Amino acid sequence: MAIFRSIRELTRVLQQGSKLLNNMFLQRKTIAVKYDDALDTLDGDENKLKSLIAFGVIVQTGDSLELDDAYQRFFEEVLAVNEDINISSVKMYIDKLTLGINSYLAAENNARREGFLREIRHTFKSIENATRRNVIDLKRNVDDTYKQEPNFKIKELRLKDFDEKARLIGELIQQTERVMDEQTIFFSTAADYGLQQTVSGVRDSLRESAHGLISITAQIIDYLNRIEYQSRLVKRVRQLKYLRDQFMIEQATNVKELMMQTNDVWMERLPKYITRVSLDFLRNEDAALDILDNIRRRLSKKANINSRLAGKIDGRYLQEQTETTKAFNHQELLNGFLAQSSDLFYYVWNYSFAETLDRELRLVLFLQMASQYPEQMRFTSEMKTLDNIEYPIIYPR
């Protein structure tokens, strides 16, 4: 296999096959590209295709072509679409950081110390970038798996794997912070402003990544709870469907009684699962200090009351006003109606109230009495008319 000898040669070969590489990257998870199809994509220029195969950018297996794994990972990382969480690289950087610090302390030549110091700064930045990228990739993969994976079992297995990776990333963050806290001799010896600025930025970035991991872990727990709930629901629905298909649902269950009793509506809120931070985490983890400090600032922050004060109340609304409403004792009217023999409309129409009532109020009162006490009245089919008002004849029982 040929080897690229310069960046110029690498970029030239990639540029010549850019159209084919783009198509193969888009189809990397679906199908393998055939040799003849790839040749058509390159407008029949077989030299370009053979050059890509010779330099190992494309791997040929029989009549099928695939992107080399190294170039595929490179494209996925640059375009931020990779699904693999590369935890081993961070572990490698931590070991490299420890080796660089020990080498700096053992070196006696200032020129070599400068070289080790530059390498240590680059390693710190590599740890920061790799950790931040892992957290971003983990967040995206968790959301994509829950929303796109149709199989509940596969979805649950992948989410549990992501939860384990989140735990490992958190451990690597703690190891990096431990190196920065324990290497006091190195930092006191290497009094370099650039290194101090780099370490300060890395520490803030790792703290932000740790907060992101807490949110991701809570999201994974919420997704797993939802999957468990949905799995139980699907299992029960399948059991009911089987019983219905076998015409045994009425004999084996009381589903009809339950459906008659339920009043659920389709706009009812879905169940929510709240995940709270454990007491052990608040007592023992350094990341809990930032959470507690943020809560303390929120509680101690004084609200700007002046900006929320309402305007002056109009004096008209403060004056006392009296509103009189008419109320009737329906029970007293019913007792009087049951004690006589005339019909309900005649009784209400001629009842002597303390105040004068118009025809409309007496008619409303008649309808209220008839609708509130039907069990104590006898409704007949006879109808009468009074002042163009047709009413039914209702007697007391």
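Student: Why is Ser64 called buried?

Tutor: In this predicted model, Ser64 has a relative accessible area of 17%, and buried means under 20%, with exposed over 50% and partly exposed in between (1.4 Å probe, protein chains only), so Ser64 counts as buried. Residues are numbered from 1 along each chain as its sequence is written, and side-chain values use heavy atoms, with hydrogens and water left out. Local features need pLDDT of at least 70, side-chain atom pairs count only at pLDDT 80 or more, and totals for chains, interfaces and linings use all residues.

Student: What makes helix 7 and helix 8 roughly antiparallel?

Tutor: The axes of helix 7 (residues 110-148) and helix 8 (residues 152-182) come within 10 Å and cross at roughly 160 degrees. Angles under 35 degrees count as roughly parallel, over 145 as roughly antiparallel, 65 to 115 as roughly perpendicular and the rest as oblique, and the two helices are therefore roughly antiparallel to each other.

Student: Why is the pair of Phe25 and Phe75 called edge-to-face?

Tutor: Rings of Phe, Tyr and Trp (its six-membered ring) pair if their centres lie within 6.5 Å, and planes under 30 degrees apart count as stacked, over 60 as edge-to-face and the rest as tilted. The rings of Phe25 and Phe75 have centres 6.1 Å apart and planes at 90 degrees, so the pair is edge-to-face.

Student: Why is the pair of Phe337 and Tyr347 called tilted?

Tutor: Here the ring centres of Phe337 and Tyr347 lie 5.7 Å apart and the planes stand at 50 degrees, so this pair is tilted; both Phe337 and Tyr347 are buried.

Note on methods. Axes are lines fitted to C-alpha atoms, for helices over the stretch in contact, and angles run from 0 to 180 degrees between N-to-C directions. Helices (H or I, at least four residues) and strands (E, at least two) are DSSP runs, numbered from the N terminus.
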